[in-house]
Amino acid sequence: MSVHDDLTSVKRCLEDLNRSVGRLEQQLGSGGLEMRRVRADADHLRESVALLRDAASTGAPSKRPELVTISDDPYDINLWTDSDDEGLGARDRHAP
């Protein structure tokens, strides 16, 4: 199957999900936290698939971010000169 076919299939499934969520809302009410979360999640999925469809229609592959290598070498101790320890304050000062 092509990407377009897969996205169309997902869209149909999401439409079925929305109908089912609507029926659940009628039966259980839409005021509960659980029902609001299910509705929000279903809406979020629909928006995400719409974004995927837009990206697929442009044909431009998504660009991966450039990876940055972080060295395992210890940091230079001078980097911490005159810094405050989080939650403890500066080394030479006392709390009021």
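## Basis and overall make-up

A contact means heavy atoms within 4.5 Å. Among contacts in the chain between residues at least 6 apart in sequence, 53% join residues at least 24 apart.

This is a predicted model: local features need pLDDT of at least 70, side-chain atom pairs count only at pLDDT 80 or more, and totals for chains, interfaces and linings use all residues. Residues are numbered from 1 along each chain as its sequence is written, and side-chain values use heavy atoms, with hydrogens and water left out.

The chain has two helices and zero strands. Helices (H or I, at least four residues) and strands (E, at least two) are DSSP runs, numbered from the N terminus.

## Surface and burial

Of the 96 residues in the chain, 9% are buried. Buried means under 20% relative accessible area, exposed means over 50%, and partly exposed lies in between (1.4 Å probe, protein chains only). The chain exposes about 8900 Å². Carbon and sulfur atoms supply 55% of that area. Accessible areas come from the Shrake-Rupley method with a 1.4 Å probe; for residues, only the protein chains shown count as cover.

## A nonpolar patch

Tyr75, Ile77, Leu79 and Trp80 form a nonpolar patch on the surface. Together they have about 510 Å² of accessible area. Patches are made of residues with over 30% relative accessible area and no salt bridge; like charges are joined within 9 Å, nonpolar side chains (Val, Leu, Ile, Met, Phe, Trp, Tyr) within 5 Å.

Isoleucine 77 is found in the segment after helix 2 (33–58). Isoleucine 77 has a relative accessible area of 63%, so it counts as exposed.

The structure holds four salt bridges. A salt bridge is a side-chain nitrogen of Lys or Arg within 4 Å of a carboxyl oxygen of Asp or Glu.

One of them joins aspartate 16 to arginine 19, with the closest N and O atoms 2.2 Å apart. Both residues lie in helix 1 (residues 3–28). They are three residues apart, about one turn of the helix. Aspartate 16 is partly exposed at 42% relative accessibility. Arginine 19 is partly exposed too, at 46%.

## The salt-bridge network

Glu25, Arg39, Asp43 and Arg46 are linked in a network of salt bridges. Aspartate 43 forms a salt bridge with arginine 39, where the closest N and O atoms are 3.9 Å apart. Aspartate 43 and arginine 39 are four residues apart in helix 2, so about one helical turn separates them.

Aspartate 43 also forms a salt bridge with arginine 46; here the closest N and O atoms are 3.3 Å apart. This pair lies in helix 2 as well, three residues apart, about one turn of the helix. Aspartate 43 is partly exposed, with 22% relative accessibility. Arginine 46 is partly exposed, with a relative accessible area of 39%.

## Leucine 24

Leucine 24 lies in helix 1. Its relative accessible area is 37%, so leucine 24 counts as partly exposed. Not counting residues up to four places away in sequence, leucine 24 touches Gly29 and Met35. Valine 38 is 14 residues from leucine 24 along the chain, and their C-alpha atoms are separated by 10.0 Å.
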